[in-house]
Amino acid sequence: MKKLYTLLLGVAVALSASATTTILQQDVKAERAQIAAFEISKPLNKLAQVHFENLPAQKEGMQRISPKESWVSAGTISYTDDIMTCLSKNLEPQTYNVDLEMDENDENHFRLVNPYKNWENPFSNVVYDSSKDYYMEFKIYDEIVIFEDADLGFNVYYDEAPDVPNKVAFTTQASGLLAAVAGLTPAQLASVYPDIVANYVNGVITYPKSFYDAEEQKNYTNILVSVGDPKEGYYGGNMNGMFQIVMPGGNVDPNAGWEDLGTGTYFESIMSSALKETPVQELKVNIQKSTKVDGMYRVVDPYKTWKPTFSELTYNNNKTFYMVIHCEEAPYVWIEDFSTGVILTGQGELKVLTQAGDLCKQYGAAQVASVYPDAVGTIKDNVITFPSLCTLDDGEYLNFLMYTGALTDDTQFMGGDSNEFKLELPTSGINDAVIDLDNNAPVEYFNLQGVRVANPAAGELVIKRQGDTVTKTIIR
């Protein structure tokens with residue numbers, strides 16, 4: 001079975017055979033294609049030179065004086081790890097409790113104590129060092145959180161050099177820029193790249209998966225993980241977008257950061273293509289819009305009202321399922337991997353992935369579309385569509401694949417090319433909001449320090465705010 005990426009570390013999980021597979025379509029195009037990954041690099045110096053050249057320079061001989069730290073217990077937090085998941089596509093985020101400490105001299109300075117000591121490790125060649133303590137430090141600046149680089153406490157051993165430890169550590173784009181640019185503050189950084197920093201809302205810390213640089217037209221992964229020498233490159237952390245720290249007294253609201261748009265129409269094509277003798281069903285679904293990321297939507301329980309065509313199929317009503325849709329680079333669209341909530345007896349929940357989903361996470365839909373134009377969807381007049389097939393490096397493949405269980409080299413994908421994906425957003429969606437509101441709002445300009453500029457000069461790089469839309473632009 002072909003896969004999109006070669007796994008860094010393998011976990012063999014066999015998919016058990018079952019008579020129920022007779023209801024499934026297994027088209028020859030239902031394989032995960034081998035797509036060449038784009039070049040991955042950490043663009044710290046490049047970003048610093050391009051976007052922060054107007055900040056005041058650090059005076060010669062000046063040094064930062066760090067106050068003495070004195071750590072005290074601050075209770076226990078709930079930690080959802082989505083960093084170690086970078087080691088294998090098979091890994092799901094884990095949630096467990098971790099001890100928290102606070103700096104007595106700075107009530108906004110915290111650290112997690114041994115955050116990976118209780119992480120369930122499925123690998124024989126990944127070893128945790130329990131001989132000393134490890135910490136994940138962070139500071140809270142109102143609603144912004146900045147993490148320090150950290151050693152996670154793991155070493156990876158490869159067959160070609162079984163005695164050589166390869167340390168697992170993480171860094172963030174935000175910490176790198178703050179260290180690289182003298183005088184840059186977290187607030188200034190967030191004013192230019194709002195999605196580059198972690199968020200603190202209602203006592204809960206979350207981290208966007210990536211931030212978009214409009215000038216370079218690229219998406220950059222926020223959390224980077226090194227295994228061994230960082231010069232060899234980084235792996236993308238938090239690719240599921242589930243990194244979370246619930247501080248003592250924190251309130252996790254599943255609808256935080258989302259607002260209802262209304263009812264949309266989903267012409268269900270994935271299940272109807274993957275299952276035999278299953279017609280397309282027209283489903284009325286609840287659509288929500290992200291209040292933090294323009295152009296990001298989600299369908300709430302997209303398959304809750306879907307009518308199963310076989311007795312082997314049931315629906316899991318014990319939790320809420322989401323189909324997250326990214327239209328930030330409209331007209332290009334991509335969809336995150338998701339679970340339908342439909343259970344196939346003896347096999348588990350039916351899950352969905354797209355061929356180019358991993359690439360879109362890393363590089364954005366526009367860049368992927370420039371190489372594989374039919375591997376992404378499009379939005380026009382509030383209607384999102386995807387072609388059923390995409391042409392990749394070595395042939396045609398299905399855009400949407402369905403599977404059960406863990407994602408491994410032996411995963412058997414289901415699907416057919418009979419139908420095109422289609423979702424109609426409510427009329428109060430992206431197009432109406434932009435045309436009716438933002439185009440008529442007054443325009444304000446700010447420099448990179450967040451200071452309002454009444455009459456910016458030609459060639460000056462500024463932040464432009466019009467209504468709820470904030471962009472970075474050069475005055476012509």
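A residue counts as buried when its relative accessible area is under 20%.

**View 1. Meet the whole chain, shown here as a predicted model.** Of the 476 residues in the chain, 50% are buried. The fold brings together 7 helices and 32 strands. If we take the contacts with a separation of 6 or more, 65% of them link residues 24 or more positions apart. The accessible surface comes to about 22,500 Å², and carbon and sulfur atoms hold 47% of that area.

**View 2. Step inside the largest nonpolar core, with its 53 residues.** Which members touch the most other members of this core? They are Y79, I83, Y116, F138, F147 and I245. Let's look at I245: setting aside neighbours within four places in sequence, its contacts include Y79, F138 and F147, along with I77, S78, L112, G203, V204 and I205. Another core, of 36 residues, lies apart from this one, and L261, L283, F310 and V352 are among its members. In soluble globular proteins, nonpolar side chains tend to be buried together.

**View 3. Here is an open sheet of 5 strands, paired antiparallel.** Reading across, the order is β4-β7-β8-β13-β14. On average, neighbouring strands are turned by 35° against each other, ignoring direction.

**View 4. Now zoom in on strand β13 (residues 223–227) and its surroundings.** β13 runs antiparallel to β14, and 3 bridges join the two. I223 stands opposite G237 in β14. Helix α2 (residues 173–180) packs on the sheet, where it touches β8 (161–172) and β13. The direction of α2 makes about 75° with that of β8.

Technical notes
Residues are numbered from 1 along each chain as its sequence is written. This is a predicted model: local features need pLDDT of at least 70, side-chain atom pairs count only at pLDDT 80 or more; totals for chains, interfaces and linings use all residues. Side-chain values use heavy atoms; hydrogens and water are left out. A nonpolar core is a set of buried Ala, Val, Leu, Ile, Met, Phe, Trp, Tyr and Cys residues joined through side-chain atoms within 4.5 Å. Buried means under 20% relative accessible area, exposed over 50%, partly exposed in between (1.4 Å probe, protein chains only). Contact means heavy atoms within 4.5 Å. Two strands pair if DSSP finds at least two bridges between them. Helices (H or I, at least four residues) and strands (E, at least two) are DSSP runs, numbered from the N terminus. Axes are lines fitted to C-alpha atoms, for helices over the stretch in contact, and angles run from 0 to 180 degrees between N-to-C directions. Accessible areas come from the Shrake-Rupley method with a 1.4 Å probe; for residues, only the protein chains shown count as cover.
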